[in-house]
Amino acid sequence: MAYYNSLLCFCILYFTFNFNTIITQGIGHVPAVIVFGDSLVDVGNNNHLELSILKSNFPHNGIDYPNRKATGRYSNGKNAADFFSENLGLTKTAPPYLSIKSAPNKVKVLLEQGGINFASGGAGIFNETTKLFKQSISLNEQITYFRTVHGELMQQLGTVQAQTYLAQSVFLIAIGSNDILDKFQAVDSILGNEPAGDQFINSMIIILKSKLKTIYNLGARKFAVVGLGLIGCCPRLRSDNPTGECNERANHWSVKYNKAVKSLLQELKEELTDIHYSLINTYDIMVDFIQQPAHYGFTEIKSACCGGGKFRAQVPCLPIAVYCKNRRDHIFWDLYHPTEAAAKIIMNELFVGTEKYVYPANLKQLLEI
Ligand SMILES: *[C@@H]1O[C@H](CO)[C@@H](O)[C@H](O)[C@H]1NC(C)=O
């Protein structure tokens with residue numbers, strides 16, 4: 001009995017010690033990163049979706065990742081989720097939820113690994129986006145998974161410590177591109193038409209707002225929200241355009257959506273008062289990439305590095321595809337996704353950028369609060 005007691009005691013001490021070392025990690029005492037989103041930040045969730053064809057766990061993806069490993073990131077190397085954790089001073093990238101779903105103690109993994117990532121390539125704000133035949137995990141399902149982890153965290157740490165832990169964590173949200181892309185590539189796209197398009201954007205915003213509130217109610221207080229990029233200039237939409245120019249309609253709706261997200265976050269801040277957020281203006285950063293590529297070290301702004309056909313964007317980055325020698329000078333890795341180099345610059349701006357790129361404050365300022 002005595003032996004049993006001391007063992008139990010040791011475990012509790014060990015656990016407490018462990019927790020305390022973790023909460024002092026990272027800048028601004030950020031213990032963990034919780035990620036929701038799409039392929040821009042998926043670090044391998046889709047590898048676990050049996051029926052999904054939206055995968056990237058094969059070459060040439062990961063060609064610049066340690067050991068050339070194709071991890072399920074849609075990138076030649078690291079992606080935005082990696083740079084996010086790195087910039088916070090965390091030693092590891094938050095692991096994909098589906099890789100730890102059956103771990104005996106998910107909370108232990110969360111505490112040790114500095115977060116959890118629920119993002120899924122192809123995911124959207126709408127349940128319907130790329131959901132057909134279980135291709136991806138919708139935002140709604142991502143939050144359902146988080147709810148499970150949240151319950152276990154409360155149970156293991158106790159309410160007060162769990163709440164503190166989550167309030168100190170940063171919630172990275174990168175979603176919305178697929179909802180717009182899906183609509184765009186439909187034959188009778190409603191986004192050609194102004195009132196219908198506005199209505200579409202508006203319904204995205206209404207859902208996003210309610211999802212952010214749900215995440216808030218589960219303990220989140222610090223948000224890093226990634227605005228939509230220059231969607232119309234991704235190699236795929238350029239290749240669909242006979243002139244090879246950007247798809248201006250896609251860009252138009254991205255701008256509208258981004259403005260609406262900015263207002264949505266202002267509203268949330270007024271309603272909930274104790275939230276803090278940084279909204280990264282990915283769109284304008286990408287405009288600058290294209291207007292002054294040399295400033296950022298880019299020489300190829302139109303074509304994907306990996307793929308086939310016009311702009312290497314008519315065929316995806318499959319093992320049979322060709323890829324560029326120098327990934328550092330391309331903005332786009334494949335038909336839709338940025339290179340590691342581009343993702344790194346965007347994530348650096350999120351942390352230290354000026355108000356031109358990050359609103360209302362960068363993440364470094366946010367964490368000094
Ligand atoms: C998405 O699906 C969930 C679960 O089925 C449902 O509760 C929710 O209302 C749906 N959201 C929308 C916007 O349809």
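User: How are helix 4 and helix 5 oriented to each other: roughly parallel or roughly perpendicular?

Analyst: Two packed helices are described by the angle between their axes and the distance between the axes. This is a predicted model, in which local features need pLDDT of at least 70 and side-chain atom pairs count only at pLDDT 80 or more, while totals for chains, interfaces and linings use all residues. Residues are numbered from 1 along each chain as its sequence is written, and side-chain values use heavy atoms, with hydrogens and water left out. The axes of helix 4 (residues 106-113) and helix 5 (residues 139-157) lie 9 Å apart at an angle of about 90°, and the two helices are therefore roughly perpendicular (65 to 115 degrees). Helices here are DSSP runs of H or I with at least four residues, strands are runs of E with at least two, and both are numbered from the N terminus. Axes are lines fitted to C-alpha atoms, for helices over the stretch in contact, and angles run from 0 to 180 degrees between N-to-C directions.

User: Which residues of helix 4 and helix 5 meet?

Analyst: With contact meaning heavy atoms within 4.5 Å, Lys-106, Val-107, Leu-110 and Leu-111 of helix 4 meet Thr-148, Val-149, Glu-152, Leu-153, Gln-156 and Leu-157 of helix 5.

User: At what angle do helix 2 and helix 13 cross?

Analyst: Helix 2 (residues 80-87) and helix 13 (residues 340-352) cross at roughly 40°, and their axes come within 9 Å. That makes helix 2 oblique to helix 13. On the helix 2 side, the contact is made by Ala-80, Phe-83, Phe-84 and Asn-87.

User: Which peptide bonds are cis, and where is phi positive?

Analyst: Most residues other than glycine have a negative phi, and most peptide bonds are trans. Here a cis bond joins Pro-59 and His-60, with omega about 10°. Another cis bond runs from Tyr-359 to Pro-360, with omega near -10°. His-60 lies in the loop between strand 1 (33-37) and helix 2. Asn-67 is also found in the loop between strand 1 and helix 2, and its phi is near 60°. Pro-360 belongs to the loop between strand 10 (358-359) and helix 14 (363-368).

User: Which residues surround the ligand?

Analyst: Asn-127, Asn-140 and Ile-207 surround the ligand, each with a heavy atom within 4 Å of it. The protein covers 37% of the 360 Å² of accessible area that the ligand has on its own (Shrake-Rupley method, 1.4 Å probe).

Conventions. Angles under 35 degrees count as roughly parallel, over 145 as roughly antiparallel, 65 to 115 as roughly perpendicular and the rest as oblique.
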